Amino acid sequence: MTGTEHRIRALLVAAVILAQPATGEESEPAVYERALAEWRAKRVGDLKGPDGWLNLAGLYWLKEGANGFGAAAGNDLVAPEGSAPPKLGDFVVENGTVNFRAAVGAEVFHGETPVTEILLVDDREKEATLLTSGSLAWSVIRRMDRLGVRLRDYDHPAVTAFAGIDSYTADPSWRLEARFQPYPEPRTIRVPTVVEGLGWEPTVPGTLEFEVQGQSLSLEAYRSDDEFMIVFADDTTGDTTYPAGRYLAAALPGPDGNTTLDFNKAYNPPCVFTEFATCPLATPRNRLPVAIEAGEKFTPKP
C-alpha cells in the first residue's frame with residue numbers, strides 16, 4: 001500500500017470514528033425519547049399536584065347576591081358530603097365582584113390568615129385568591145360574563161387512584177417544522193366549550209403551516225401568554241383519542257418565522273380527568289384530514 005493510500009485509509013477511519021457517538025454519549029433519538037419521557041412524567045405529576053385537575057370536587061356558577069356554601073342541602077353551593085361543615089359561608093356577587101363572608105365558627109383561611117370577609121380576585125388576574133378549609137380549597141373563575149367557584153379537595157381519592165395516561169409510542173418523525181403565517185390583524189374568535197352555552201374567545205394571531213404525509217396543512221394558533229395554544233382534532237379523534245380533540249403547545253416563532261409542532265406532546269384536555277372543567281373544543285377549522293398517531297390517547301371508562 002502506498003503512502004497516499006495509507007493517508008486516505010486513515011482519513012476514512014477517522015471520519016467513521018467521528019460520526020459515531022462518543023463513549024457514554026446518547027444518540028439523538030435516545031436523548032429525545034428521554035426528554036419526552038421526562039415531559040410525560042411531569043405531566044402526570046402536574047395532574048396529581050395541588051393545582052392539577054384530579055383533585056377538583058366541584059364547579060358552581062354564581063348568581064347575583066348571596067350564594068350559600070357548605071355541606072348542608074339548603075346551600076346554593078353544596079359541598080361533597082363529609083368534606084365540609086354544614087355552612088362555610090357566602091359568596092356575595094355584586095356588580096361583577098365576589099366577596100366571601102365566612103360563617104360564624106367556620107375555619108376559613110387565606111394562606112395562614114383566618115378569614116371573616118375577603119374580596120376574591122378571579123382567575124383573569126395573574127393569581128386568583130385561594131381560600132382553604134381543612135382539605136378543601138376554592139377560588140373564583142370568570143368565563144365571559146359568568147362567575148363560578150372552582151372547588152378542590154386535596155384528599156380527593158382520584159389522585160391516588162390515577163393510573164396514568166396511555167400514549168402512542170414516541171416517534172421523532174411527528175416533530176414537525178411549522179411556518180407561522182400571521183393574519184393582517186389578530187382576530188378574536190368564539191370557540192365552543194364542554195359547558196353548554198359557554199364559549200371561549202381567544203386571540204388568533206395567525207396560522208401554523210406544515211406538512212404531514214405529503215399534505216400541506218394548517219392550524220389556527222391561539223395566543224396564550226408567551227406561547228401558542230392549539231386545539232385540534234384529526235382522524236384519530238373519537239377513535240383512539242378524545243372525541244372533543246386534543247391540545248398542543250408551541251413556542252412563538254423565531255426570527256425566521258418558524259416554530260416546531262411536536263405532536264408527541266399532544267395532550268388530553270382537562271375534561272378527560274374531571275367533569276368540573278370548561279374545556280375549549282376543536283373547531284371545524286382545526287380538524288386535520290389525517291391521523292395524528294402521536295401524543296396522548298383516550299380510552300372511555302367502562
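How many nonpolar, polar and charged residues are in the lining of the second largest pocket? The lining has 13 nonpolar, 5 polar and 4 charged residues. For that tally, Ala, Val, Leu, Ile, Met, Phe, Trp, Tyr, Cys and Pro go down as nonpolar, Asp, Glu, Lys and Arg as charged, and the others, Gly among them, as polar.

Keep in mind that this is a predicted model, where local features need pLDDT of at least 70, side-chain atom pairs count only at pLDDT 80 or more, and totals for chains, interfaces and linings use all residues. Residues are numbered from 1 along each chain as its sequence is written, and side-chain values use heavy atoms, with hydrogens and water left out.

**The second largest pocket**

- This pocket has a volume of about 590 Å³.
- Of its 22 lining residues, Leu54, Phe162, Val272, Phe273 and Lys301 are the closest to the centre.
- A pocket here is an open set of points on a 1 Å grid over the protein atoms alone, where a 1.4 Å probe fits, with protein on both sides within 12 Å along at least five of seven lines; lining residues have an atom within 4 Å of a point.
- Grid points are joined across faces, edges and corners, and the volume is the space filled by probe spheres set on the points.

**The largest nonpolar core**

- There are 26 residues in this core, and Phe69, Phe91, Phe100, Val108 and Trp138 touch the most other members.
- At least two core residues come from each of β1 (56-61), β4 (89-94), β5 (97-102), β8 (117-120), β10 (136-143) and β11 (146-153).
- A nonpolar core is a set of buried Ala, Val, Leu, Ile, Met, Phe, Trp, Tyr and Cys residues joined through side-chain atoms within 4.5 Å.
- Buried means under 20% relative accessible area, exposed means over 50%, and partly exposed is in between (1.4 Å probe, protein chains only).
- Strands (E, at least two residues) and helices (H or I, at least four) are DSSP runs, numbered from the N terminus.

**Two leucines in loops**

- Leu62 sits in the loop between β1 and β2 (65-70), and counts as buried because its relative accessible area is 15%.
- Leu62 touches Asn67, Leu77, Phe91, Val93, Val98, Leu147, Gly148 and Val149, leaving aside residues up to four places away in sequence; contact means heavy atoms within 4.5 Å.
- Val93 is 31 residues from Leu62 in sequence, with 7.4 Å between them in space, C-alpha to C-alpha.
- Leu130 belongs to the loop between β8 and β9 (131-133), and its 33% relative accessibility is why it counts as partly exposed.
- Contacts of Leu130, again not counting residues up to four places away in sequence, are Phe109, His110, Gly111, Ala137, Trp138, Ser139 and Tyr154.
- Leu120 is 10 residues from Leu130 along the chain, and their C-alpha atoms are separated by 8.1 Å.

**Two threonines**

- Thr283 lies in the segment after β19 (258-262) and is classed as buried because its relative accessibility is 11%.
- Val191, Pro192 and Tyr222 are what Thr283 touches, once residues up to four places away in sequence are set aside.
- Phe232 is 51 residues from Thr283 in sequence, yet the two are 7.3 Å apart in space, C-alpha to C-alpha.
- Thr169 is in the loop between α3 (157-161) and β12 (175-188), and with a relative accessible area of 68% it is exposed.
- Thr169 and Asn264 are 95 residues apart in sequence but 8.4 Å apart in space, C-alpha to C-alpha.

**Positive phi**

- Most residues other than glycine have a negative phi.
- Asn95, not a glycine, has a positive phi of about 55°; look for it in the loop between β4 and β5, where it is exposed at 70% relative accessibility.
- Gln213, not a glycine either, has a positive phi of about 50°; its loop runs between β15 (203-212) and β16 (215-224), and its relative accessible area of 59% makes it exposed.

**Cysteines**

- The disulfide count is 0, taking a disulfide as a pair of cysteine sulfur atoms within 2.5 Å.
- Cys271 is buried at 14% relative accessible area, and Cys279 is buried at 2%.
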